[in-house]
Amino acid sequence: NTLRQVQDSLEMTVSMRYPFTLVRAVDLMRETEMVRHENMRDKGKLQLLDSLDAVKAFREQFKIIFFSHQWTSFNKPDHTTAHHRLTCRALQDVCENEGWALDEVFVWVDYTSIPQAHRGIQALAIQSLVHYSANTDAFVIIAPKVQHEDTGVECNAETYQRRAWCRAEQFAQYLINGTSRMWLATEAGVNPVPKDWASDFVEVFHGDLTCCRIKHKGMPACDRVSLVLPFLGLYGQLLKESQESGVLAEVADKIQRQKDEIFPQNVDVEWIQKDGTTTIKKTRLFGELIEAMEIYLESGHNADELKAQFRSRFKARSDGIIVRLQNSGLGDPCSNKSPSSPVPNAGGSTRTSMIGISGNSTEVAPSESVDPLQGVVVNVSAEGPMHA
């Protein structure tokens, strides 16, 4: 349900699914390596903030620095400890630059702040990642040159920028604060990110993901799907707050100019089957959700207005699909009838394309060849066509 997704995404901007978990800067600097969440918890060194209101109150007394980095092993975040050592150096440099006392600074870093042992709780924390990134006083990228333990490929600032999750953390910060609080730490030093740094990370959904590398073997969905609603909500929040902030108005303008690339409607996802073969499936990401968010906000959160506009817009589009289907010999999907004769394909052979109608969905099988909505399938029901 499009309206429900828009409303849920906005609700996600005001609540976290798992507490914002921090460690004191001075405690982190006493360690010789990145410490697993459960170990730091058992030492009593973690500070948990249960709500965004609690985060706001906490930041009135303390500063929070978010550290973002690329793991250097499939199973270890920092197998050489180079990231931890640079994190400690960056802590000192950023605090000195900002005039913050180290004992008044708390840190978020994934391996320590996100539960590692319990996958269910870990998933809740990952779903709250955009909140952790956005509600900080500084965002520091840790990107020294380190050879990946398993692939042998050098990890550095360039490979960091290609990672989808790294892009997601940066983009969440960018949508709320721009790049004014972002730092890049390498062997060369700790400096504000370059002016053009945002040009790559805004395309979160085109970044590299481990799930895609392993072709989603044994996985229910691509990780990209889990990022759709959090970023839809942040986009809505940006549109609202950009009316009162010059910095965010500039960010919103840049996002608008790249909207189709930043929020793709669909993506082709490769899956490995049980028999070892692979197949590519078109997976819906934002679809019409960005347009729906804009309508919803412009109408003052008027659900009836959103429904009316969508019924009108997508009825016109689906009517166009029906005409194309009729012209192609596939028949009228609203007739609940399927063509009885095979349809020639481009290679001269034939295939039978049956359009099955159910109460909620239209399925084109075996080949989804209709793409007037750029690959999005339209629902056809007794009440008229509505978007999936």
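Is phenylalanine 263 buried or exposed, and at what relative accessibility? Phenylalanine 263 is buried, at 4% relative accessibility, where buried means under 20% relative accessible area, exposed over 50% and partly exposed in between, using a 1.4 Å probe and protein chains only.

1. Ground rules. This is a predicted model, in which local features need pLDDT of at least 70, side-chain atom pairs count only at pLDDT 80 or more, and totals for chains, interfaces and linings use all residues. Residues are numbered from 1 along each chain as its sequence is written, and side-chain values use heavy atoms, with hydrogens and water left out.

2. The aromatic pairs. Rings of Phe, Tyr and Trp (its six-membered ring) pair if their centres lie within 6.5 Å; planes under 30 degrees apart count as stacked, over 60 as edge-to-face and the rest as tilted. That rule gives 16 aromatic pairs here. One of them joins phenylalanine 263 to phenylalanine 286, edge-to-face, with 5.1 Å centre to centre and 70° between the planes.

3. What that pair connects. Phenylalanine 263 sits in the loop between α15 (259-262) and β10 (266-272), and phenylalanine 286 in the loop between β11 (278-284) and α16 (289-298), so the pair ties together parts that are 23 residues apart in sequence. Helices (H or I, at least four residues) and strands (E, at least two) are DSSP runs, numbered from the N terminus. Phenylalanine 286 is buried, at 0% relative accessibility. Both rings belong to a cluster linked by ring pairs, which also takes in Phe171, Tyr174, Phe201, Phe205, Phe231 and Tyr235.

4. The sheet. Follow the order β2-β1-β4-β3-β5-β8-β9 and you trace an open sheet of 7 strands with mixed pairing; two strands pair if DSSP finds at least two bridges between them. At the edges stand β2 (46-49) and β9 (189-192), each with a single partner strand, so one side of each is left without a neighbour in the sheet. From one strand to the next, the twist averages 30°, with axes being lines fitted to C-alpha atoms and angles running from 0 to 180 degrees between N-to-C directions.

5. Strand β1 (residues 20-24) runs antiparallel to β2, joined by 4 bridges. Threonine 21 stands opposite leucine 48 in β2.

6. Two backbone angles to look at. Lysine 215, in the loop between α12 (210-213) and α13 (223-241), has a positive phi near 55° without being a glycine. Histidine 216 lies in the loop between α12 and α13 and has a positive phi of about 60°, although it is not a glycine. Lysine 215 is partly exposed, with a relative accessible area of 29%, whereas histidine 216 is buried at 2%.
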